[in-house]
Amino acid sequence: MYKLSIDAMSGDLGSSIVVEACSAFIKDHADVELHVTGKKEELETLTHYERIQIVDARDVVPMDAGIMSVRRKKESSMVKAVTMANDGIVDGVVSCGSTGAFYTSAMLFLKRIEGVEKSCLMAMLPTYNKKGVALLDVGANAENTAEQLKDFAIMGHVYAKNIRGIQKPKVALLNIGSEAKKGDEVHQQTYQLLEEDEMIDFVGNIEGRDILLGEVDVIVTDGFSGNIALKTCEGAASVLMKMVKESMMSSLSGKIGALFAKSSLYSLKDQFDYKSVGGALMIGFEKAVVKAHGASDAKAFYNAMELAYQMVKMDVVTQMKEGLKVSWKY
C-alpha cells in the first residue's frame with residue numbers, strides 16, 4: 001500500500017478542492033492510503049473512506065511565512081504533512097501552499113538524500129513537439145556550485161528515464177550561448193563535469209530561446225535563472241493566447257475563422273495549462289515531495305497527487321540515490 005500525506009489547508013481555494021480531489025483519487029487507486037491534514041470539520045466527508053485518515057491540524061502556514069514562522073507552525077497542516085513523511089508514516093507529501101513555505105518546511109523537517117548539498121525544484125514545461133521538458137532548478141536556490149548543478153542533472157535524468165519513460169534522456173545546460181566556453185566560471189565548470197559524466201547523455205548548452213522546442217528532455221540551471229526562464233515562458237504563453245484571441249475577435253472574418261479553429265485553439269491552450277501538469281517536484285529529499293499550484297482546482301490537485309503516487313510507485317528516490325552514487329565515483 002502506497003501512502004501519501006496531503007496538506008488540505010494551504011492553497012488559495014481552501015480545503016474543498018482537496019476534499020474533491022482526494023475523494024476521486026481514492027476511488028481510482030486501490031493501492032493508496034491517504035493521510036489528510038487540516039481542520040477535521042472541513043474534511044468530514046473524507047471520513048467515509050476506509051483508506052483515508054484525517055489528521056487534525058488547526059493552524060495554517062501563511063503564504064509569506066519565513067523560516068522562523070514555519071518553524072513555529074508545527075501544528076499546521078503543511079508541517080504535519082511533511083513531518084509524517086520524515087517519520088516514515090507516508091512515502092510522499094503533496095501541498096499547494098506557498099512554494100517558499102513548503103520548501104522551508106521540507107528543509108527543516110525532512111531529510112535530504114545523503115550527500116546532496118542542496119535540493120531543488122523541478123517543473124515540466126510544454127514544448128513545440130509536445131514531448132515536454134524538465135527544467136531544474138526553478139526557484140529553490142539563488143546560487144549553485146557546479147557540483148550541485150551536476151547533482152540536479154543526475155536527478156533530472158533519473159526522473160525523465162523512470163517517470164517519463166525516456167530510455168536515454170538528453171540533458172542540456174541553460175547558458176547564454178551554445179559554445180562550451182560560454183558563461184561564467186560556474187557554468188564552464190558545470191559543462192566540463194557533465195561532459196565527463198558517463199551516466200547521462202549531455203548534449204551541451206542550450207539558450208533560452210530554445211527551451212520550448214523540445215529538442216532535449218532535461219535542462220539544468222541555477223534557481224535564479226531557472227525561475228526567470230519559467231516565468232518568462234509562462235508570461236509569453238499567456239500574452240500570446242490573449243493576442244490570438246483579440247486578433248480573431250477584432251473582425252467578422254476572424255470570428256468566423258475562430259469557430260472553425262475552436263478545437264485547435266483549445267488544444268493549444270491545454271498544452272500550457274498548469275492543471276494538466278499537476279505540480280513541481282522538490283527533489284533531493286528522502287521522500288517524494290510535490291508542490292501543486294497555489295490556485296489549483298480539484299483537477300490540478302488530483303494530478304499533483306498522481307505525480308507523487310508515480311514517484312513512490314516507481315521508487316524514483318531510491319534510483320536517484322543509486323544514480324548519484326555512481327556519478328560521484330567519477
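These are my notebook entries on a predicted model of a protein with 330 residues.

**Ground rules.** Because the model is predicted, I take local features only at pLDDT of at least 70 and side-chain atom pairs only at pLDDT 80 or more, while totals for chains, interfaces and linings use all residues. Residues are numbered from 1 along each chain as its sequence is written, and side-chain values use heavy atoms, with hydrogens and water left out.

**Overview.** I looked up the secondary structure and got 12 helices and 11 strands. These are DSSP runs numbered from the N terminus: helices are H or I with at least four residues, strands are E with at least two. Buried residues make up 48% of the 330; buried is under 20% relative accessible area, exposed over 50%, and partly exposed in between (1.4 Å probe, protein chains only). The accessible surface comes to about 15,700 Å², and 53% of that belongs to carbon and sulfur atoms. The areas are Shrake-Rupley values with a 1.4 Å probe; for residues, only the protein chains shown count as cover. I also checked contacts (heavy atoms within 4.5 Å). Of those with a separation of 6 or more, 69% are between residues 24 or more positions apart.

**Strand β5.** Next I went to β5, residues 120-125, where five of the six residues are buried. Which strands does β5 pair with? Pairing takes at least two DSSP bridges between the strands. β5 runs antiparallel to β10 (residues 279-283), with three bridges, and Leu 121 sits opposite Met 282 there. With β6 (residues 133-136) the sense is also antiparallel, over four bridges, and Ala 123 faces Leu 135.

**Around β6.** The loop between β5 and β6 holds Lys 130. Its phi is positive, about 70 degrees, although Lys 130 is not a glycine. Lys 130 is exposed, at 62% relative accessible area. I then found a cis peptide bond from Leu 136 to Asp 137, omega near 5 degrees. Asp 137 lies in the loop between β6 and α5 (146-162). I noted both because most residues other than glycine have a negative phi, and most peptide bonds are trans.

**Helix α1.** This helix covers residues 16-28 and spans 19 Å from first C-alpha to last, close to the expected 18 Å. The expected span is 1.5 Å times one less than the number of residues. Among its buried residues are Ile 17, Val 18, Cys 22 and Phe 25. Their cover includes β1 (2-7), β2 (32-38), β3 (52-56) and α11.

**Helix α11.** So on to α11 (residues 298-313), 16 residues reaching 22 Å, close to the 22 Å expected. Its buried residues include Phe 301, Tyr 302, Met 305 and Tyr 309. At its start, a side-chain oxygen of Asp 297 comes within 3.2 Å of the backbone nitrogen of Lys 299. Asp 315 follows α11, with a positive phi near 55 degrees. Asp 315 is in the loop between α11 and α12 (316-328) and is partly exposed at 40%.

**Thr 104.** This one is in α4 (residues 99-109). Buried or exposed? Thr 104 counts as buried, at 13%. Leaving out residues up to four places away in sequence, Thr 104 touches Ile 67 and Val 70.

**Cysteines.** How many disulfides are there? Searching the whole structure gave zero, taking a disulfide as a pair of cysteine sulfur atoms within 2.5 Å. Cys 96 is buried at 2%, and Cys 120 is buried at 0%.

Conventions:
A polar contact is a pair of N or O atoms within 3.5 Å; within protein, one must be able to donate a hydrogen and the other to accept it, and residues adjacent in sequence count only if both atoms are side-chain atoms.
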